[in-house]
Amino acid sequence: MDRSSVIYGNPMPKKVVKKAEKSKAKYIKKYGDDSKKEYRIAFQDIPTLDYIAAKNIVFTDKAESEKFDPKAVIVGNIRMGFGHYRISIAIASCAKALGYHPYWLDLASFDATGSKMIREQNAMYSLASRISQKSKLFNHFVWEPLNCEGFKKISYNAKDQKNSELLVPIFHDIPKDIPYVATHVWPAQAAVHAGMTHVVNAVPDNWPMGLHLAEGSLMTVQTQFAYYGYKTLNGFDKKPLKGMSDDQIKTVGCYVDHELLVDLEKDNKARRDRLANGKPLRFLMTVGGAGAGFDQYLAMIKHLLPYVKEKKVALFINFGDHVDVYKKLSEKIPGLKAKEYFNQYEEVKKLRDELLKGDAEGVYAIYNKDIFQAVYSTNLLMRTSDLLITKPSELAFYPIPKLFTKHIGGHEVYGGIFGREYGDATVECPTKKEANQMLDYLIGDPDLLTQMTHRIDELKKFGHYNGGYEAVKLAVGK
């Protein structure tokens with residue numbers, strides 16, 4: 001079914017549809033037409049996600065595809081930074097906790113035309129993101145407006161819908177009635193085009209955008225702000241638009257892993273005890289895969305090192321799967337003495353267990369070339385940390401006190417606003433001076449972090465962090 005000409009009952013201009021068709025044709029010309037290809041699939045273990053028994057869907061040369069478990073839930077995703085992988089892990093975790101068997105479908109990972117299209121677009125996005133951090137003019141006149149207003153236009157959805165048709169062959173041997181939760185719009189659109197009947201489109205951001213529309217799926221959002229924006233499609237075009245019906249969108253709460261929620265009150269009590277007893281505060285930094293915001297993180301680390309020396313702070317830095325960012329940091333701070341956990345995932349697990357019982361001091365540097373281990377190292381250390389230092393992206397919705405650094409892309413602004421309004425995060429600190437000042441406040445006044453932990457306990461009681469469970473329930477028809 002063509003979903004580029006009419007979107008939620010709103011006809012698209014002919015020039016928009018023509019542009020979408022040209023985009024699809026361009027990728028077919030570049031990467032080939034595999035629309036008649038009958039891909040067979042098999043399943044592989046994901047060792048890092050062994051605790052939820054997640055299976056990775058891959059192509060196989062066998063004559064027949066493997067069969068899914070009767071209680072299968074597919075998590076459709078792509079790697080675009082760490083964010084969509086992180087949300088996917090949360091959905092898979094919640095699926096397992098509810099008694100289902102999660103399957104991992106990374107549409108960018110295959111040797112298929114649609115996968116190559118995704119990888120090309122992702123490379124362009126990453127490049128533009130890096131340029132935005134180096135050029136104030138590019139960031140101000142191109143990147144910020146594109147991420148906030150450009151992607152918001154409903155017409156933007158037409159091209160993505162047409163390009164997503166290229167992903168349909170990957171679904172050839174996937175049964176159409178398997179519950180399916182997508183953590184990026186392309187996997188949602190692709191599943192709908194492929195005829196999947198139980199598709200949930202788990203929208204990651206707080207800022208409503210045409211980019212995230214996947215008509216034919218059930219859209220879930222984390223906030224009421226996003227709900228009203230999508231329900232009315234307000235601001236998606238210069239003229240008023242027809243909005244969504246009640247059965248097309250639901251507010252579910254924040255997408256958070258079961259493992260981070262099950263002992264949350266206990267973890268918050270441990271945070272308050274450390275604050276009350278003057279123990280070193282544990283600050284966890286997540287440095288973006290592309291090193292986005294590097295200069296600000298560099299300034300914060302330099303500012304924190306005296307606190308580390310005085311044993312007022314213990315600093316954990318997850319460099320993800322980009323060791324070059326750590327090398328660059330070490331060059332800028334020659335005297336940095338960090339305990340290195342490089343490709344030592346089992347040791348990071350042991351460190352987490354030790355930190356649940358004992359104290360921490362010094363600087364810890366974590367890096368892993370395996371994407372799953374790189375992403376999940378933050379989750380492991382989140383339970384044992386007192387403050388998460390991050391840009392206001394997907395981590396803005398996680399149940400831990402947060403300090404927000406400068407956003408990357410205008411859409412992230414509204415994740416920061418959400419966190420500060422709900423009381424489990426600071427305001428966004430866009431400059432080095434503001435970020436360092438906020439660090440001084442948090443270290444000097446324990447009550448600030450204490451109040452955040454109390455607020456997180458309250459929010460959990462309200463079901464604020466139950467979005468992962470609710471998305472899965474909707475996918476399976478409950």
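Asp267 is found in helix α9, residues 264–276. Helices here are DSSP runs of H or I with at least four residues, strands are runs of E with at least two, and both are numbered from the N terminus. Before I go on, this is a predicted model: local features need pLDDT of at least 70, side-chain atom pairs count only at pLDDT 80 or more, and totals for chains, interfaces and linings use all residues. Residues are numbered from 1 along each chain as its sequence is written, and side-chain values use heavy atoms, with hydrogens and water left out.

Back to Asp267. Is Asp267 buried or exposed? Asp267 is buried, because its relative accessible area is 4%. The word buried means under 20% relative accessible area, exposed means over 50%, and partly exposed is in between, using a 1.4 Å probe and protein chains only. In sequence, Asp267 and Ser385 are 118 residues apart; in space, their C-alpha atoms are 8.9 Å apart.

Next, the strands. Please find strand β9, residues 218–221. Leu218 and Thr220 point one way from this strand, while Met219 and Val221 point the other way, and all are buried. On one pairing, strand β8 (residues 199–202) is joined to β9 by three bridges, and the two run parallel. Two strands count as paired if DSSP finds at least two bridges between them. One of the bridge partners to look for is Thr220 in β9, which goes with Ala202.

β9 also pairs with strand β10, residues 249–251, again in the parallel sense and over three bridges. Here Met219 has Ile249 in β10 as its bridge partner.

What do β9, helix α7 and β10 make? With α7 covering residues 224–232, they make a right-handed β-α-β unit. The crossover is called right-handed if, with the strands pointing away from the viewer, the path from the first strand over the helix to the second runs clockwise.

Now the loop between β8 and β9, where His212 lies. His212 counts as buried, because its relative accessibility is 5%. Its side chain makes a polar contact with the side chain of Asp205, at 3.2 Å. A polar contact is a pair of N or O atoms within 3.5 Å; within protein, one must be able to donate a hydrogen and the other to accept it, and residues adjacent in sequence count only if both atoms are side-chain atoms.

At 11% relative accessibility, His84 counts as buried. The side chain of His84 reaches the backbone oxygen of Thr183 at 2.7 Å.

On to charges. How many salt bridges does the structure hold? The structure holds 28 salt bridges, each being a side-chain nitrogen of Lys or Arg within 4 Å of a carboxyl oxygen of Asp or Glu.

One of them is between Lys231 and Asp246, with the closest N and O atoms 3.1 Å apart. Lys231 lies in helix α7 and Asp246 in the loop between α7 and β10, so this pair ties together parts that are 15 residues apart in sequence. Lys231 is buried, with a relative accessible area of 19%, whereas Asp246 is exposed, at 53%.

Another salt bridge joins the side chains of Glu347 and Lys350, at 3.5 Å from N to O. These two are three residues apart in helix α12 (residues 345–357), so about one helical turn separates them. Glu347 is partly exposed, with a relative accessible area of 32%, and Lys350 is partly exposed as well, at 46% relative accessibility.

The side chains of Glu470 and Lys473 also meet in a salt bridge, at 3.5 Å from N to O. Both residues lie in helix α17 (residues 467–475), three residues apart, which is about one turn of the helix. Glu470 is partly exposed, with a relative accessible area of 28%, and Lys473 is partly exposed at 29%. Elsewhere, salt bridges that share partners join Asp2, Lys24, Lys162 and Glu165 into one network.

Last item, the surface. Which residues make a nonpolar surface patch of about 330 Å²? Leu137, Phe141 and Val142 make this patch. Patches are made of residues with over 30% relative accessible area and no salt bridge, with like charges joined within 9 Å and nonpolar side chains (Val, Leu, Ile, Met, Phe, Trp, Tyr) within 5 Å. Accessible areas come from the Shrake-Rupley method with a 1.4 Å probe, and for residues only the protein chains shown count as cover. Phe141 has its place in helix α4, residues 136–150, and Phe141 is exposed, with a relative accessible area of 61%.
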